[in-house]
Amino acid sequence: MPSASMFRDLPRPAKWMLTSLVFDFVGTGLIMPFAVVYLHEVRDFSLQTAGVLLALPAIVGLLAVGPGGVLIDRFGARRVVIAAVSLEIVAQVLMANALTVPVAATSLVCSGLATGVIFPAVQAMVATVMPTHQRQHYFGLSFTLLNLGLGIGGMLGGAVVDVERPGTFERIYYIDAVTFLIPLMLYLGPLRRYGGPVAHGASSGDDGAMPVSGGYRLVLRDPAMRLLVVLGFVTAFIGYAQFGVGFQAFSRTVAHISTQVLGWAYAANTAVIVVAQLFVLKFVAGRRRTRALLVMCVLWAISWSVLGVAGLAGESNVVLASVLVCASAAIFGVGETFLQPTLPAMVNDLAPDHLRGRYNSASAGAFHIAEIVGPPFAGLLIGHAFAGWYAVALVAGCAVAAWVTIVVERQLSPKVNGVGVSAPEEIDVEGEMGLEVQRAKLSTE
């Protein structure tokens with residue numbers, strides 16, 4: 001099977017990182033679908049208060065991204081991951097005991113700080129344990145396992161929680177805190193030799209790490225990286241920022257589907273990703289990553305068009321609308337499988353080692369901004385009698401993303417764009433020594 005081969009051929013530290021990811025997102029899946037229910041129906045906060053509280057992680061995460069990149073480059077990705085995971089444990093324990101608004105706010109601020117730095121740190125660490133030709137496969141596998149973990153966690157959480165028994169919600173937050181102990185132990189143990197600060201010869205400071213000053217200026221001076229940041233923002237805005245909020249609002253208020261069907265739609269999205277990602281990884285290997293992104297733009301344009309047709313069906317044909325909403329979610333999922341292995345790999349192949357944290361943080365910052373401005377955009381159109389134009393606007397956004405992708409392609413070297421990056425061969429790569437041997441083989445080709 002492609003999945004077994006791809007996992008087997010990864011370096012040992014990459015396998016540990018994927019293992020930590022599974023536990024992490026099973027725990028996240030336990031709590032993610034029930035945040036509003038917990039704050040509003042269990043803790044009796046108003047919906048307005050709950051909405052403000054749940055906006056805190058995105059805002060704090062955006063504020064943390066910039067300093068997080070500096071910390072990654074200064075102290076190393078592994079230390080930042082350990083700090084972020086520790087913050088998440090504190091956040092979930094606090095949320096389990098969030099009887100008051102200040103306690104809930106403190107929990108969500110801690111979670112936002114952790115989220116703002118952990119993804120750039122993990123992506124920067126991938127580059128320290130993975131040779132270039134395997135990074136694309138790692139990012140694809142991690143996205144598959146992420147969705148699998150979320151799906152498993154969501155099903156377990158739905159079977160456990162009961163609004164009439166507040167203790168069931170407290171229990172899932174405690175369980176989520178416990179799941180973070182697994183990655184904490186892995187990063188303190190088997191992964192302790194990886195992800196340290198990068199020395200940079202004569203340009204380094206007294207401690208051997210690259211000095212902080214001028215770091216982000218160097219990142220934004222790179223024309224290819226500027227375009228990748230723009231591309232990251234556009235794809236996040238027309239993609240995840242809408243699929244997490246606008247898709248739900250449109251499906252319920254315009255297409256008039258039931259909450260049960262909405263749950264089926266998200267289940268279809270997750271199932272398609274888990275099944276399709278491994279085959280897409282094989283398909284995109286050795287091909288230009290920008291062409292994979294163009295395929296994503298086409299698939300997302302089709303997805304949003306199908307959602308628009310579901311809105312036209314509306315109340316007159318609920319069954320058709322339900323089928324179309326589920327189909328839209330599934331097609332969107334196929335598009336995701338072309339995005340996730342490629343864009344992070346381009347950022348990391350473009351980044352110099354001593355600025356890798358800042359490059360990944362700049363990319364993550366674009367995503368956070370899109371997550372903040374995307375939902376109000378959906379609310380403006382769907383909530384103010386412009387719902388008919390919502391799908392049209394997103395299809396137009398896909399065309400913009402395709403244009404930016406074409407412009408990006410002209411700025412990237414063939415190597416950064418994935419040309420010649422083949423599927424991993426069946427090599428026994430174990431630990432740091434095995435990784436060095438593999439790099440030596442690549443250098444002689």
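At 28% relative accessibility, aspartate 162 counts as partly exposed, because the value falls between the 20% limit for buried and the 50% limit for exposed. This is a predicted model. Aspartate 162 pairs with arginine 165 in a salt bridge, and their closest N and O atoms are 3.5 Å apart. Arginine 165 is partly exposed too, at 47% relative accessibility.

**Salt bridges**

The model holds six salt bridges. Three of them are set out here.

| Aspartate 162 | Arginine 165 | 3.5 Å |

Glutamate 409 lies in helix 18 (residues 387-409), whereas arginine 288 lies in the loop between helix 13 (259-284) and helix 14 (289-313), so the bridge ties together parts that are 121 residues apart in sequence. Arginine 288 has a relative accessible area of 38%, which makes this residue partly exposed. Through shared partners, salt bridges join Arg288, Arg291 and Glu409 into one network.

Which side chain of opposite charge is nearest to glutamate 336? It is arginine 289, 18 Å away. Glutamate 336 is buried and has no salt bridge, because such a bridge needs a nitrogen within 4 Å of a carboxyl oxygen. Glutamate 336 belongs to helix 15 (residues 318-339). Beyond residues up to four places away in sequence, glutamate 336 touches Phe143, Tyr240, Asn269, Ile273, Trp300 and Pro341.

**Nonpolar cores**

The largest nonpolar core has 67 residues. Met225, Leu228, Phe247, Trp300, Trp304, Val325 and Tyr359 touch the most other members. Several helices give two or more residues to this core, among them helix 11 (223-238), helix 12 (240-253), helix 16 (343-350) and helix 17. Helix 14 supplies the largest share, twelve residues.

What does leucine 228 contact, leaving aside its neighbours within four places in sequence? The list is Leu343, Met346, Val347, Leu350 and Val408. A second core is separate and has 35 residues, including Leu18, Val80, Tyr138 and Leu191.

**A nonpolar patch on the surface**

Nonpolar side chains are found on the surface as well. Leu148, Ile152, Met155 and Leu156 form a patch there, with about 370 Å² of accessible area together. Leucine 148 lies in helix 7 (residues 132-160). Its relative accessible area is 37%, so leucine 148 counts as partly exposed.

**Positive phi in two loops**

Aspartate 44 is not a glycine, yet has a positive phi of about 65 degrees. The residue is placed in the loop between helix 3 (35-42) and helix 4. Is aspartate 44 buried or exposed? At 64% relative accessibility, aspartate 44 counts as exposed, because the value is over 50%.

Histidine 256 is not a glycine either and has a positive phi of about 60 degrees. Histidine 256 sits in the loop between helix 12 and helix 13. At 33% relative accessibility, histidine 256 is partly exposed.

Terms used:
Residues are numbered from 1 along each chain as its sequence is written. This is a predicted model: local features need pLDDT of at least 70, side-chain atom pairs count only at pLDDT 80 or more; totals for chains, interfaces and linings use all residues. Side-chain values use heavy atoms; hydrogens and water are left out. Buried means under 20% relative accessible area, exposed over 50%, partly exposed in between (1.4 Å probe, protein chains only). Helices (H or I, at least four residues) and strands (E, at least two) are DSSP runs, numbered from the N terminus. Lys and Arg count as positive and Asp and Glu as negative; His and the chain ends are not counted. Contact means heavy atoms within 4.5 Å. A nonpolar core is a set of buried Ala, Val, Leu, Ile, Met, Phe, Trp, Tyr and Cys residues joined through side-chain atoms within 4.5 Å. Patches are made of residues with over 30% relative accessible area and no salt bridge: like charges are joined within 9 Å, nonpolar side chains (Val, Leu, Ile, Met, Phe, Trp, Tyr) within 5 Å. Accessible areas come from the Shrake-Rupley method with a 1.4 Å probe; for residues, only the protein chains shown count as cover.
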